[in-house]
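Subject: Handover of a structure and its findings

Dear colleague,

Please find below the structure that I am handing over to you. My notes on it follow directly after.

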Amino acid sequence: MYVCICKGITDQQIKTSIAQGAGCMRDLYKEYALGSQCGKCVCTAKQLLNSEKQAC
Ligand code: FES
């Protein structure tokens, strides 16, 4: 599923980044420029960050 349509970023890409150490939105922004256009993906990305961090 696409989380960020503007940049074409999927939930799998974000989950992989989290597994490799991304811990906050700043990390995802640095890697993908996530949220740099319309910003609609930020909420979903934050939810993914929270749920994946709890899974670690
Ligand atoms: Fe991510 Fe627009 S959907 S910046």
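The term pLDDT denotes the predictor's confidence in each residue, on a scale from 0 to 100. The average pLDDT of the chain is 94, and 95% of the residues score at least 70. This is a predicted model, in which local features need pLDDT of at least 70 and side-chain atom pairs count only at pLDDT 80 or more, while totals for chains, interfaces and linings use all residues. Residues are numbered from 1 along each chain as its sequence is written. The model scores are ipTM 0.98 and pTM 0.89.

Overall architecture

The chain contains three helices and two strands; helices (H or I, at least four residues) and strands (E, at least two) are DSSP runs, numbered from the N terminus. Read from the N terminus, the order of the elements is β-β-α-α-α. Of these elements, strand S2 (residues 9-10) has the highest mean pLDDT (98), and H3 has the lowest (89).

The C-alpha trace spans about 30 × 20 × 15 Å along its principal axes. The radius of gyration, taken over C-alpha atoms, is compared with a globule rule of 2.2 Å times the number of residues to the power 0.38. For 56 residues a compact globule would have a value near 10 Å, and the chain agrees with this at 10 Å.

Two residues are in contact if their C-beta atoms, placed from the backbone, lie within 7 Å. Of the contacts with a separation of 6 or more, 44% join residues 24 or more positions apart.

A residue is called buried if 20 or more other C-beta atoms lie within 10 Å of its own, exposed if 12 or fewer, and partly exposed in between, with C-beta atoms placed from the backbone. Buried residues account for 25% of the 56 residues.

A nonpolar core is a set of buried Ala, Val, Leu, Ile, Met, Phe, Trp, Tyr and Cys residues joined through C-beta atoms within 7 Å. The largest one here has twelve residues, including Val3, Ile14, Leu28 and Leu49. At least two residues of this core come from each of strand S1 (2-4), helix H1 (11-19), helix H2 (25-32) and H3. Beyond its neighbours up to four places away in sequence, valine 3 touches Ile9, Thr10, Asp11, Ile14, Cys41, Thr44, Ala45 and Leu48.

Within H1, the residues Ile14, Ser17 and Ile18 are buried. They lie on the same side of H1, because they cover an arc of only 100° around the axis, the arc being that of the directions from the helix axis to the C-beta atoms. Gln12, Thr16 and Ala19 are exposed on the other side of H1. Glycine 21, which follows H1, has a positive phi near 120°.

Individual positions

Alanine 33 lies in the loop between H2 and H3. Although alanine 33 is not a glycine, its phi is positive, at about 60°. Alanine 33 counts as partly exposed because it has 13 C-beta neighbours inside 10 Å.

Valine 42 belongs to helix H3 (residues 42-55). Valine 42 is also partly exposed, because 17 C-beta neighbours lie inside 10 Å. Setting aside neighbours within four places in sequence, valine 42 is in contact with Met25 and Gly35.

Record annotation

An unreviewed UniProt entry lists residues 2-50 as "domain: BFD-like [2Fe-2S]-binding"; UniProt positions are given in the numbering used here, feature names are shortened, and annotations may be inferred rather than shown by experiment. Over residues 2-50 the chain is 53% helix and 10% strand, with the end C-alpha atoms 18 Å apart.

Yours sincerely
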